[in-house]
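I opened this structure for the first time today and kept notes as I went. The entries follow in the order in which I looked things up.

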Amino acid sequence: MDPHAATCPCSCHGRGAYAECDPAYPGGCGSHHDKTGSNRRSAPAGCCPACSRQVADAALCVACTARFAGDLNAVPLVAAQLEILAAKLDQIGERGPRGGSEVPLGFRPMASEVADVLHVTLTVWARHVANAAGVPLVHVPAEHPVGLAAWLHGWREYIRHLPAVAQLVDEIGYAVATARRAIDRPPDR
């Protein structure tokens with residue numbers, strides 16, 4: 001799904017690769033239509049690439065940087081909770097006999113998948129930052145999401161100025177939000 005379809009008045013969103021913008025927007029709607037069919041937002045000059053607010057240095061604005069830092073700061077707690085959830089060490093619901101003859105798994109595949117997505121997302125972006133900064137990959141702590149989040153947190157100011165910062169902030173934010181939803185207690189029946 002095109003992330004700009006709900007916020008942009010141009011009807012080009014969601015129509016596939018290289019869709020023409022509305023005639024009402026002769027200069028285009030501000031989104032780049034790439035070969036994959038998704039629309040990547042390109043902010044006007046002097047604006048935050050993630051939210052298009054006016055900024056002095058054309059880098060990530062203070063609010064988006066704070067949200068990004070908050071997502072990175074949440075990773076240690078979220079990762080620990082995902083490990084507990086995946087290993088079925090949490091207690092949700094009532095104890096007691098359950099009906100059925102099916103033997104339950106010793107882990108929760110959904111929690112493992114969410115943890116993997118979080119880890120891979122952080123790894124990909126940490127490698128991207130390291131390559132852009134010329135840092136050898138051996139200096140990137142890629143074995144656990146907590147180390148990756150701390151490493152990325154230390155590179156916040158550099159990350160603010162990366163050309164792909166909007167995508168980086170969006171993808172890491174989405175991975176953390178997905179992990180938060182996974183560890184939330186399900187509604188009572």
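**Entry 1: Trp151.** Trp151 sits in helix α3. Helices are DSSP runs of H or I with at least four residues, strands are runs of E with at least two, and both are numbered from the N terminus. Leaving out residues up to four places away in sequence, I found that Trp151 touches Ala126, Val129, Ala130, Val135, His139, Val140 and Pro141; contact means heavy atoms within 4.5 Å. Pro141 is 10 residues from Trp151 along the chain, and their C-alpha atoms are separated by 7.2 Å.

**Entry 2: what I am looking at.** The model is predicted: local features need pLDDT of at least 70 and side-chain atom pairs count only at pLDDT 80 or more, while totals for chains, interfaces and linings use all residues. Residues are numbered from 1 along each chain as its sequence is written, and side-chain values use heavy atoms, with hydrogens and water left out.

**Entry 3: the whole chain.** I noted five helices and two strands in the protein chain. Their order from the N terminus on is β-β-α-α-α-α-α. Of the 189 residues in the protein chain, 33% are buried. I also looked at contacts with a separation of 6 or more: residues 24 or more positions apart account for 48% of them.

**Entry 4: helix α2.** Helix α2 covers residues 109-133, and its 25 residues should span 36 Å at 1.5 Å a residue; the expected span is 1.5 Å times one less than the number of residues. The end C-alpha atoms of α2 are 36 Å apart, which agrees. The buried residues of α2 are Ala111, Val114, Leu118, Thr121, Leu122, Thr123, Trp125, Ala126, Val129 and Ala130. What do they pack against? I found α1 (62-86), α3 (145-154), α4 (156-160) and α5 (165-183). After α2 comes Gly134, with a positive phi near 75°.

**Entry 5: α1 against α2.** The two helices α1 and α2 pack at an angle of about 150°, with their axes 9 Å apart. Axes are lines fitted to C-alpha atoms, for helices over the stretch in contact, and angles run from 0 to 180 degrees between N-to-C directions. The angle makes α1 roughly antiparallel to α2, a term for angles over 145 degrees. From α1, the contact is made by Leu72, Val75, Val78, Leu82, Leu85 and Ala86, and from α2 by Met110, Ala111, Ser112, Val114, Ala115, Leu118 and Leu122.

**Entry 6: Leu60.** Leu60 lies in the loop between β2 and α1. With a relative accessible area of 1%, Leu60 is buried. Not counting residues up to four places away in sequence, Leu60 touches Cys48, Pro49, Ala50, Thr65, Arg160, Val165 and Val169.

**Entry 7: Ser52.** Ser52 is in the loop between β2 (39-41) and α1. Its relative accessibility is 22%, so Ser52 counts as partly exposed. I recorded a phi near 65° for Ser52, a positive value in a residue other than glycine. Most residues other than glycine have a negative phi.

Methods:
Buried < 20%, exposed > 50% of the residue type's maximum accessible area, 1.4 Å probe, protein only. Parallel < 35°, antiparallel > 145°, perpendicular 65-115°, else oblique.
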